[in-house]
Number of protein chains: 4
Amino acid sequence: MRVGFVGLGAMGSAMAGVLLKAGHEVIAWNRTPARAQALRERGASVAGSPAEAARAGVVLSMVADDGAILEVAEGKDGIRAGLPSGGVHVSMSTLAPATVGGLVRMHREADQEFVAAPVFGRPEAAAAAKLFVACAGRPEALERVRPLLETMGQRTFNLGEDPEHAALVKLAGNFMISAAIEALGEALALVGKAGVDRRAFLELLTETLFSAPAYRTYGQVLLEGRFSPPGFRLPLGAKDNRLLLEAGERLRVPLPLASLVRDRILAALSRGWGERDWATFARIAAEDAGEGLAAQGRG
Amino acid sequence: MRVGFVGLGAMGSAMAGVLLKAGHEVIAWNRTPARAQALRERGASVAGSPAEAARAGVVLSMVADDGAILEVAEGKDGIRAGLPSGGVHVSMSTLAPATVGGLVRMHREADQEFVAAPVFGRPEAAAAAKLFVACAGRPEALERVRPLLETMGQRTFNLGEDPEHAALVKLAGNFMISAAIEALGEALALVGKAGVDRRAFLELLTETLFSAPAYRTYGQVLLEGRFSPPGFRLPLGAKDNRLLLEAGERLRVPLPLASLVRDRILAALSRGWGERDWATFARIAAEDAGEGLAAQGRG
Amino acid sequence: MRVGFVGLGAMGSAMAGVLLKAGHEVIAWNRTPARAQALRERGASVAGSPAEAARAGVVLSMVADDGAILEVAEGKDGIRAGLPSGGVHVSMSTLAPATVGGLVRMHREADQEFVAAPVFGRPEAAAAAKLFVACAGRPEALERVRPLLETMGQRTFNLGEDPEHAALVKLAGNFMISAAIEALGEALALVGKAGVDRRAFLELLTETLFSAPAYRTYGQVLLEGRFSPPGFRLPLGAKDNRLLLEAGERLRVPLPLASLVRDRILAALSRGWGERDWATFARIAAEDAGEGLAAQGRG
Amino acid sequence: MRVGFVGLGAMGSAMAGVLLKAGHEVIAWNRTPARAQALRERGASVAGSPAEAARAGVVLSMVADDGAILEVAEGKDGIRAGLPSGGVHVSMSTLAPATVGGLVRMHREADQEFVAAPVFGRPEAAAAAKLFVACAGRPEALERVRPLLETMGQRTFNLGEDPEHAALVKLAGNFMISAAIEALGEALALVGKAGVDRRAFLELLTETLFSAPAYRTYGQVLLEGRFSPPGFRLPLGAKDNRLLLEAGERLRVPLPLASLVRDRILAALSRGWGERDWATFARIAAEDAGEGLAAQGRG
């Protein structure tokens with residue numbers, strides 16, 4: 001299939017690479033052109049603007065945040081300007097549901113389709129075509145882009161017709177991960193301080209009731225204190241947490257566990273940990289248990 | 001092996017039944033004799049006191065709480081009184097680490113061995129020999145009772161020499177479950193209020209990052225609001241949460257997520273939900289989001 | 001002094017009335033003209049636009065929120081357009097520090113002065129000239145408007161040169177009040193459920209360690225459950241809480257007590273309490289203690 | 001009046017001294033006799049046991065905790081053993097309501113009266129007869145000891161007939177103080193990080209809405225970071241917080257703000273701050289905002 005691809009960060013490049021490998025024709029655009037060049041070597045065409053990429057009729061976008069999606073979607077060089085009537089914009093970024101709602105209206109007014117298809121997974125998973133995709137949009141539009149989503153993901157979940165729902169589900173999924181990180185952080189601080197072998201504890205968890213990727217991945221990260229290089233940087237986690245809390249506020253849903261994570265993240269940022277993996281916020285629980293304080297001459 | 005078994009509640013009966021079925025010789029005791037009679041029909045002998053059951057040389061106990069373990073372990077009819085020198089008491093209940101520490105000392109003074117081997121799993125899992133066992137104690141003692149533990153559990157985890165560690169790990173494991181329940185409760189309240197298909201959301205979680213028993217079991221319970229009959233009653237969850245927080249206090253480890261769960265549980269008990277499954281505390285998140293209020297004429 | 005006054009809600013009208021009574025010449029503007037007419041009868045002139053009011057050289061604004069201040073300050077009919085070079089805009093509303101920062105820059109570019117002077121107090125206090133004023137701005141500008149502030153307030157506090165500081169202090173002050181409300185709510189729920197005379201408890205507090213207006217006012221409101229008519233509506237409290245949390249986020253300061261209040265407010269809004277006084281959020285603590293549930297047939 | 005006095009710590013000595021100065025005849029007892037000797041020089045008689053002190057017919061006790069009150073009240077040398085039938089035991093310590101309930105029953109069975117009269121105030125206030133007293137007990141008993149309470153306190157509050165109510169009110173009062181400390185800690189961390197003059201902020205609070213002793217005292221302590229010597233040691237604050245949470249648990253009243261304080265206190269204890277004033281737990285908010293981290297080479 002001929003498809004535009006806007007946004008070639010670590011995730012976007014990997015995803016576009018998977019499409020190329022599967023034989024799709026990719027017209028790529030990135031704000032900083034160097035990354036587009038790299039993809040050209042793998043067989044992509046390079047577009048001069050998001051609009052040009054969108055002329056393919058189906059265009060995927062994978063950008064950093066709400067500001068970036070508006071930048072590439074609106075304006076005379078934006079996706080809307082280039083996408084033909086009846087064309088589909090598949091947004092795979094993690095965005096505020098409210099922003100997604102605005103994009104839906106914008107494309108509808110231009111007789112275009114909009115599908116939200118945010119993904120779960122890190123760049124390695126993207127490169128291995130192992131992403132999980134949460135998609136929502138009008139059935140015909142979904143049907144049309146399904147082969148692309150199935151190429152990039154190991155599994156695609158249909159959340160219905162409203163793209164805002166997919167956006168919210170993605171935020172809720174990231175919240176679930178943050179809750180698991182906090183729980184692991186507290187439990188490890190407790191058993192560790194008591195002298196329990198933390199590795200044995202973690203093994204018990206992840207081979208029984210918590211035998212799931214979220215616990216295996218982050219349990220290992222916490223056990224080893226391996227926060228660099230980051231798989232997902234703390235400020236990105238802060239952003240997703242903020243979007244979730246904002247969604248809760250709009251819907252009037254209190255989310256005390258998300259509020260707890262918020263305060264952990266801010267405490268971590270205040271400690272200068274902004275370049276680390278977001279799981280680093282679980283270190284606050286360890287510090288509050290006194291870990292590492294002796295080394296600072298405070299114990 | 002000839003083995004005493006003290007405490008024949010739903011869990012204990014199932015576990016003792018598994019031992020019988022595997023060919024072990026079980027001498028059983030229960031505070032209310034009716035349950036021991038039921039087990040007699042399945043081949044057990046019935047002891048007149050915990051001391052008598054303990055004379056087998058290896059005795060397992062599975063009782064409701066810290067008060068009950070002291071009742072069956074101490075005194076002239078207690079396990080200590082009957083267990084031969086060099087005998088092993090394997091405590092499989094969920095107990096405070098401090099209580100376990102006391103039992104260790106008590107048995108050591110009587111030249112007896114004490115092994116803590118609390119289990120994860122509900123009565124159905126116990127009956128199917130699918131428990132997970134977290135054990136700790138002196139290596140020779142562990143080695144001696146290993147066949148019994150492996151008969152009752154699908155997997156046994158060795159937490160080292162200190163029985164208190166196994167006790168703490170059990171509490172920490174239950175805390176992890178409660179954290180997952182709270183996270184599910186908040187996420188379901190949020191996406192549900194937004195109109196997302198909650199079943200689809202849950203399916204996405206449990207088939208991807210959270211493909212683990214804790215999420216599958218409790219996700220289903222929350223989705224269906226199926227809190228009766230209870231798999232694990234709320235007051236028992238309250239007790240384990242309290243033991244965890246007390247352990248945190250003794251070790252000076254703040255546990256804000258466990259504190260949040262504590263307040264949820266109390267709010268649920270105040271609503272008269274004491275006979276329900278402990279996952280019912282996740283309903284507080286739903287009520288705080290306004291669910292079910294219209295029906296009460298308050299919306 | 002000749003002074004413009006923009007924004008004649010309950011607070012603004014009372015404050016402008018105090019200025020008139022003290023002999024100042026007031027040129028008033030309000031978005032809905034009826035309120036300006038009411039003030040005309042008390043001696044004010046009525047301006048056709050914020051710009052016209054600002055031509056007085058000193059203009060006070062007292063509007064609902066960040067959106068409203070931008071509406072009256074910017075544009076060709078706005079305060080900036082009418083204020084002479086060297087004139088002073090005194091903003092008395094509760095605003096985000098970031099918004100105040102923007103106003104400072106906007107006026108500076110127009111060679112105008114900007115003073116932030118948010119106030120503590122309800123409309124009755126405003127009418128009685130009993131407000132407390134937290135002001136910040138350049139010393140000469142503050143000096144110039146001091147007589148006006150002292151006319152309206154019983155006490156003026158100088159927070160220095162940076163108007164953003166006054167804005168933040170106002171938000172922090174409202175946070176302190178919300179913390180007192182939550183503390184009162186929890187304590188009253190506890191002692192009340194135990195059967196303690198809540199009035200005697202409150203008297204003890206407010207005549208000893210907590211003999212302060214915040215506790216007397218809100219203690220009485222909670223004791224009597226008198227949330228209507230509201231002195232300060234819940235959605236306004238929600239807004240100030242959000243602005244505080246946003247300030248905390250920008251500064252990377254975790255505020256768990258403010259997060260707790262946030263979740264209480266959302267739970268109260270979900271219960272349909274949006275028209276009540278903001279102290280109503282303390283009722284969540286009472287409901288979580290089981291108060292009022294029997295009446296709903298749930299006890 | 002002839003009165004026994006049991007427990008001569010910093011508080012008890014000051015209180016007994018006030019009674020002596022007012023002309024009462026005091027028969028004093030303390031576990032470590034040196035303190036009793038000091039009081040003898042001020043005119044007291046020294047008893048050989050709590051029982052002997054209790055023979056005066058009215059006996060006041062002021063001890064450290066629940067364990068200590070049982071030690072001095074029970075047993076053959078205890079208050080109960082010495083107090084004549086119809087005599088009154090006035091307990092002024094901060095105790096768990098459940099413990100007070102037990103004392104009520106114990107004294108009732110011995111035909112003795114029990115009055116709970118816990119006090120608010122630090123040793124300086126005790127020495128200056130400026131305590132606030134929260135008392136509860138049978139009217140005749142209260143009437144009989146009223147002159148003593150009024151000698152020691154600047155104000156006495158009658159909480160009714162049930163001594164447990166006075167005990168709970170005392171815990172709730174300390175909780176209110178801890179809530180104010182946390183609120184001050186968060187607010188000061190926020191405005192301080194923004195560059196606001198924290199002294200000016202605090203002055204604004206304590207001269208307006210928060211013009212109360214709790215805010216003036218602890219505001220000053222926090223502003224100056226003056227946690228040593230302690231007015232009230234952190235472990236004592238931890239104990240009162242625990243008693244409050246336990247009371248909440250028995251009554252099934254969630255207390256999330258008290259839970260937050262709990263976690264703050266544990267984090268402070270983990271940092272080795274056990275010898276400081278309990279207000280030191282507000283430093284956790286400051287640390288989480290990044291204060292003091294640069295000095296540790298982490299900023």
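**Symmetry, domains and interfaces in the predicted model**

Of the residues of chain A, A:Ala212 comes closest to the rotation axis, with its C-alpha at 2.5 Å. The model is predicted. The axis in question relates chain A to chain B: a rotation of 180° superposes chain A on chain B. The shift along the axis is 0.0 Å, and the RMSD is 0.0 Å. The two copies are thus related as by a two-fold rotation axis. Of the interface residues of chain A, 100% are also interface residues in chain B, so the copies meet through the same surface.

Chain A itself was examined by domain. Its assignment gives domain 1, residues 2-161, and domain 2, residues 168-296. The C-alpha centres of these two domains of chain A lie 30 Å apart. Domain 1 of chain A brings 10 residues to the contact, and domain 2 of chain A brings 13 residues. On the domain 1 side of this contact in chain A, 7 residues are nonpolar, 1 is polar and 2 are charged.

A further interface joins chain B and chain D. Here 14 residues of chain B are in contact with 15 residues of chain D. Two helices of chain B, α12 (234-251) and α13 (256-270), each supply at least two residues of the side that touches chain D. The largest share of that side, 8 residues, comes from α13(B). By class, the side of chain B that touches chain D holds 6 nonpolar, 3 polar and 5 charged residues.

How values were computed:
Residues are numbered from 1 along each chain as its sequence is written. Chains are lettered from A and ligands numbered from 1 in the order in which they are written. This is a predicted model: local features need pLDDT of at least 70, side-chain atom pairs count only at pLDDT 80 or more; totals for chains, interfaces and linings use all residues. Two residues are in contact if their C-beta atoms, placed from the backbone, lie within 7 Å. Helices (H or I, at least four residues) and strands (E, at least two) are DSSP runs, numbered from the N terminus. Ala, Val, Leu, Ile, Met, Phe, Trp, Tyr, Cys and Pro count as nonpolar, Asp, Glu, Lys and Arg as charged, and the others, Gly among them, as polar. Domain bounds come from an automatic or database domain assignment. Copies are superposed by least squares on the C-alpha atoms of residues with pLDDT of at least 70 in both.
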